[in-house]
Each structure stands twice: as C-alpha cells, then as structure tokens.
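Biologist: I have a model open and I'm new to it. Could you walk me through how to read it, feature by feature?

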Amino acid sequence: MRRVFALLISLGLILFFVNSLSILPEYGNVELSKVSNAYINKSVNGNNEKVKFGESKDLEDGAANVVTSIVVDYRSFDTLGEVTVLFTSALGVGLILHGFKRKTYGRLPNFILRVSVGILLPLILLFGVYVFVHGHLTPGGGFPGGTIIAAGILLLYLSNEEFDLSKTSKFVESYAGSLYIVVGLVGLAIGGVFLINFLPTGVVGDLFSAGIVPIVYILIGFKVGAELSGVIADLYREG
Amino acid sequence: MTALLIAIPLLTAFLFVPFKEKAKFILPIIVLINIVLLFNLSINSVEAMGGWKAPFGIVLVLDSASFYTLLVVNIIFLIISLIPQITENGFSILLLILLASTNGLILTGDIFNSFVFLEITAAAAYIIASLKKNYYGAYKYLIVGSIAGGFYLLGAIYSYVGTGSLNFADISLNLNSSFLPFVSLMLFIGLAVETKILPLAGWVPDVYASGSPLTPAILGTGVTFTMMYLLGRIFITIFNGYFLDVLYIFGLLTLILAEIAAFRQEKLLKALAFSSIAQAGLVLSTISLNTYDAIKAGYFHLLNDATAKIILFVIAATVVGNFMKNKTAGISFSIASFSLIGFPIFAGFRSKLLILQSSFEKGDYLLPTVLLFSTIIEAAYLLKWNVRLWHNENEETKQIPWNIVLITLILALLIIFIGIFPDLYLKVSENITDGLMNYKAYVTTVLGGM
C-alpha cells in the first residue's frame, strides 16, 4: 500500500513539473526583467547607462563581477543569512560529535604525503587568498576561496597526527563573522542603513574598487575557511 | 534600525562560539534588549537593506502584523530563556540563531530572503531536534525539511520568473496569473512541513517526543507561530486569498486524523505531539476561511495553544511519576489541558467559541462539525492522561526546579485570566489580522505609493 502511494505521489509530481514547463520562457529567449537590468547596468538609483569596464567611475556599485555585485552588494543581507546557515551547520556538527576522541593510527603517514604537503600547502593557501581577494573582479569569492583554504588545512590534518587547529579556527570564525555584522553596523551608523556601501566605489575593474565588497568577501573567506576546517577537525574522530 | 532585531542576536551568537557554555547567561539579556528595541521602533516603517529600494533590494517591513508577531515570538523566547535547565550546554547559541532567524522571517519582505531565513530556522531546528541523542527523529526531520526547503526555493524561482522581482509586494501586484497555481502549491508544500500539516508532518511525533523539554517547547510554539504568520502573509496578503480552499481541506484532514492518532498513543509526549499537529490543522483551516473574524479567531486560538503547549510539554518532559508529589506542576498541567480541550472559563473555550461563531457567519458547517467531533476525542485522551498522572502507583520522585514550577504556574494563571478577560490576546490577534488583510496598505507601504 505504501509503495502504491509513493508511486502515485511521484507520478503526480512528475506530471506537475512537466505541466509547469509550458509556462516557463523558452531557453535562450528570456527577456531581462527590470530588476536584472538594473543590476547589470548598476543603476538601481541611476538612469540605466551602460557600464564600461575600466572607465566607469563612482557607480552605485563598483564590482566588475556582476554575480559578486548581486551577492555581496545588492543582496548582501541574503549572504549574511547564507553565512549563518553554514555557521549553524558547522556548529551542529561540533555539538553532535562532541565527546568523541580524535582518531589516531599510531604510525607516521606516508612519506610522499608528508613531503608534498610542505610544497603544496603554501600554493594552496596563496591560491585560496587570491580567489577571495579578487572576488569582486574575477569568478570566485569568499565561499570558494574559503573552501580552498580548508582543503589545505585538511592536508595538514592528514599529514600530521598531532596537528590541531580547532581552537584557533573557532576564534577566527567567531571574529570574522562578527566583523561582517560590524561592517553592516558601521553602515547603519554612517549611512543610516544596515549593510550600506559606505566606502567610495572607484573605477570598475581596479583591485581597490567596489567599496566594502572586497572587505566583506575577505571576511567571508576567513569565516568559511575556519568553519570548514572546524568541520574537518570535528569529523576526524573515532565513532 | 529594524535590522538590529536580527543583527544583535546574530552578532552575539558569532561572538560566543569560543565560549559556548557562557551563552545561556547572555540569552535572556539579548531577548530583553530585543523587546525594548521593538517598542522603540515606529510601526509601518520599511527599511531597505544596503540602501537598495524595493523592489530591487531586500526590505524589512514592520507593520502591525509583523510587530505583534515579533512581540509574541520574542516573549516566547524570553520565557524559554528564563528556564535554562531545559537547555543543554552549548545549545543556547542555537537559540540565539533561532531568535535571529525567526525575527528575520517575520520582518522580511522578500521571498528569497524568507527562504534563507527558513533555511537557518530549519538548520537550527534540526540540531535542537537531536537533543537527548534523538538522531533518528532529527534525521527524519532533516530529510523532510530539506526536500520541503527545495520546494520553497523552487516556488521562489517560479515567482521570480513570473514577476521579474523577488519582492512580496511586487509579486502580489505583478505575478503572471498562469504562474499562480504552481507558485502557491510549491510554497504550500515548503511551508507545510514547518507548520505541521499532515501528509508532511510525519516527523513531529519523533522529534517532539524525544524526552527533551526544549525541543517541543520552542519548535511547537515560537517556530510554529512564526511559520503560521508567514503562511498568512503569503496566502492572505500576497496571493490575496487564492488557494485557500485547498488549505482548508488539508487543515480539516490534519485536525481529524491527528486527533485520532493522538487518542491511540501510549506515550504522553507522543499524544501531545499529535495534539500539536491537530491544533495547527485547526488554525490553518480557520484562517483559510479568509474573513476578518475567522483570521482573528485563528490567531487567537494559536496564541492560546502556544501558551498551553509550553506548560504541557515542559511539565510532561520534566515530571517523573505522580503529580501528587508535585501538586503545583500538576495543577498547571491540568489547567493547560483543560484550556486545550476548551472547558469554559479557560482560554481555549473563548477561542473555540470564536472559531465556531466566525465559521457559522461564513455559512460553513463542515468546520464546526469536525471541530466539535475532534474536541470530544481531545477531551477523552487528555482527561485519560490527567487521571493517569494524578493517580498512579509510580513512587519515583524528582525535584523539579523552582523556576519551572513558577513559570508554568504563571502561564497557567494567564490562561484563566485570558479565559475571563480575553481582551489582551484579542488585541494582539486583531492587530495581526489587520496587518495581514490590509493588502493595499502593505503594497503602498513597501513600494511607496505606486
């Protein structure tokens, strides 16, 4: 009986979604809505002029990467929420796995692993930092950058049994997250609005442009890196 | 300034990660700050996050509905924070996050932002559900909740395709009518898990009956109230009454099936969990009658249910054995269960009477019939449990902390007070109804007189 119900519900959902396809616009023929247009031309408050890379100055938002301009500027409040989702999940892993011992093997890890970590780690960390520092110019940003850094930390955990970063990562996570909100509160104090971009936005495409966007992305990079390192430390236990 | 209601608890939660054990001391202070701040905000204000005006950016809307819902939810959090014994070490931080996310869910005027806050609420709720090593229940909740979250997100995407913007007011003005059935069905599936509507409420008994007083006390009251508000905001304000007939049917089915299931339970906490599902169904079908009186009665009943459920769940999970050894707690429990059944002079009587009145006014006879029938079942099992808890052979005793006894007693006295003078709760529910039904005022406040 249960299986019949499950089958019926799945069939109903499939029919529902196939039906809904007919109302969606055809692939490749989407008209940009007013909101998308305003985001791409960076003129929510302006007059819809085209943005020129390397020339346009002092726009309302200075990030050359359109995705970043939406994620960290126009809809920064959502990103604060997404950061909190990750934070809550990492906290939950820590709370649930609390009390288990760290897993030990009792012998040295592979020679190749130990030596190559010394060579790879600086490169991985450098790449991670590059990705989140240039988040407002190139594809990438705080979330992928932080993940890359956490991958480097994972290598350290694998290559050294004594290595432990859980205390440090908690403090970094705590302060990076708090500073994100503090940036928002400074905006509230200066501009009267939470998370307002209170710094000059500069020329589109410069490293030092886009106001608070790179600052926020660097904070997110640290926070995500620390959180995922914390998750690695929590999961690396004997069950 | 409205953003501070979300920013302050979130900032505290971030700051207290390295000192998780200390968070329980700061929680009541933060909730008090929030309540004081709430009274200093002006109603009918719209705040654009980052300075991007609606419908382009995210707005936080404080109208009479969201103001009073915030007040109710924050007071529930205050009550929970005053009984720190029920919170295990480190879980106070989750309550801070839950406070921030429910506040955000109530305030937000943006559909994707509401999805983000729904996700935070759900993530915190999954972890709270795993208290007392109840991993099976938490896992079930995680699976159902995540799939429902997916449906909610899909609904948000469809409404973006159909409108070209994510703003609630803009969606209600400009949504392409061919999208309406799809969007409303997907949003309903997304919300049905959290509001505990039956085909999707299978997780509730497993999670609520874990034995931890905190899980049902916060999820069954504060979070349910928030979700019911969001459901009202979406289906009454934004879709302006569309799709409510379907909700009405689901609500009635939930009410009757959950009451029958509650009657058959062998464990008190499971019975209470099913009763919680049933009350959610009742409130849902009442507010989907979509008249002023019905919505008012629905939220009034939800308030009464929340007050009674805090008492019932906290006492049921902390008291071991016989009520004769803990008379005060036993009396509070009995008062709360009588209010749930709807005996005269208790608060539940007032709200059930209002529900009956409003549905007769609408010319609807199905809801009163089902309500009276389910009240009989409810009376049967709640009285059975009262008798069983007052007269049993169990000689085990455990000292209940004085603050749990005191707070549940105060809430029980409040139930009797509301039963005699219901004006306090009626004012709250009237204001919520005003805000939800006044669709034109909402759109003009958010979009600025278009």
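Biologist: Let me start where the chains meet. Which residues does A:Val85 touch?

Modeller: This is a predicted model, so keep that in mind throughout. To read a contact, pick one residue and list its partners, leaving out those up to four places away in sequence. For A:Val85 the list is B:Glu119, B:Ile120 and B:Ala123. A:Val85 itself sits in helix H4 of chain A, residues 76-96.

Biologist: And how exposed is A:Val85?

Modeller: Count the C-beta neighbours around the residue. A:Val85 has 18 of them inside 10 Å, so it counts as partly exposed.

Biologist: Now zoom out. How many residues of chain B are in contact with chain A?

Modeller: For a whole interface, count both sides, then ask which elements supply the residues. Here 38 residues of chain B are in contact with 41 residues of chain A. On the chain B side, the elements giving two or more residues are H1, helix H4 (92-107) and helix H5 (111-129). H5(B) has the largest share, 10 residues. Sorted by class, that side of chain B has 27 nonpolar, 9 polar and 2 charged residues.

Biologist: H1 of chain B came up there. How do H1(B) and H4(B) pack, parallel or antiparallel?

Modeller: Look at the angle between the two helix directions, and then at the distance between the axes. H1(B) and H4(B) pack at about 160°, with their axes 8 Å apart. An angle over 145 degrees counts as roughly antiparallel, so that is how H1(B) and H4(B) are described. Their crossing is left-handed.

Biologist: Which residues make that contact?

Modeller: From H1(B) come B:Leu5, B:Ile6, B:Pro9, B:Leu10, B:Thr12 and B:Ala13. They meet a set in H4(B) that includes B:Leu96, B:Ala100 and B:Leu107. By class, this contact has 11 nonpolar, 3 polar and no charged residues.

Biologist: What about H1(B) and H2(B): at what angle do they pack?

Modeller: Here helix H1 (residues 4-15) and helix H2 (residues 23-39) of chain B pack at about 170°, with axes 10 Å apart. That makes H1(B) roughly antiparallel to H2(B). The crossing of H1(B) and H2(B) is right-handed. The contact is built from B:Leu4, B:Leu5, B:Ile8, B:Pro9 and B:Thr12 on H1(B), facing residues of H2(B) that include B:Ile26, B:Ile30 and B:Leu37.

Biologist: How should I read a nonpolar core?

Modeller: In soluble globular proteins, nonpolar side chains tend to be buried together. In this model the largest nonpolar core has 230 residues, and B:Leu96 and B:Ile128 have the most contacts inside it. H13(B) gives the most to this core, 17 residues.

Biologist: What does B:Leu96 contact, apart from its neighbours in sequence?

Modeller: Beyond four places in sequence, B:Leu96 is in contact with B:Pro9, B:Thr12, B:Ala13, B:Ala23, B:Leu27 and B:Ile30.

Biologist: You mentioned H13(B). How do H12(B) and H13(B) cross?

Modeller: The axes of H12(B) and H13(B) come within 9 Å and cross at roughly 170°, so the two helices are roughly antiparallel. Among the residues in contact are B:Leu272 and B:Val283 of H12(B) and B:Leu302 and B:Phe313 of H13(B). By class, the contact has 14 nonpolar, 5 polar and 2 charged residues.

Biologist: Now the loops. Where is B:Asn290 found?

Modeller: B:Asn290 is in the loop between helix H12 (268-287) and helix H13 (292-318) of chain B. Check the backbone angle there: phi is positive, about 60°, although B:Asn290 is not a glycine. With 19 C-beta neighbours inside 10 Å, B:Asn290 counts as partly exposed.

Biologist: Where is B:Asn44, and what is its phi?

Modeller: B:Asn44 lies in the loop between H2 and strand S1 (45-48) of chain B, and its phi is near 65°, again a positive value in a residue other than glycine. B:Asn44 has 13 C-beta neighbours inside 10 Å, so it too counts as partly exposed.

Note on methods. Residues are numbered from 1 along each chain as its sequence is written. Chains are lettered from A and ligands numbered from 1 in the order in which they are written. This is a predicted model: local features need pLDDT of at least 70, side-chain atom pairs count only at pLDDT 80 or more; totals for chains, interfaces and linings use all residues. Axes are lines fitted to C-alpha atoms, for helices over the stretch in contact, and angles run from 0 to 180 degrees between N-to-C directions. Helices (H or I, at least four residues) and strands (E, at least two) are DSSP runs, numbered from the N terminus. Angles under 35 degrees count as roughly parallel, over 145 as roughly antiparallel, 65 to 115 as roughly perpendicular and the rest as oblique. A crossing is left-handed if the near helix is turned anticlockwise from the far one by less than a right angle, and right-handed if clockwise. Two residues are in contact if their C-beta atoms, placed from the backbone, lie within 7 Å. Ala, Val, Leu, Ile, Met, Phe, Trp, Tyr, Cys and Pro count as nonpolar, Asp, Glu, Lys and Arg as charged, and the others, Gly among them, as polar. A residue is buried if 20 or more other C-beta atoms lie within 10 Å of its own, exposed if 12 or fewer, and partly exposed in between; C-beta atoms are placed from the backbone. A nonpolar core is a set of buried Ala, Val, Leu, Ile, Met, Phe, Trp, Tyr and Cys residues joined through C-beta atoms within 7 Å.
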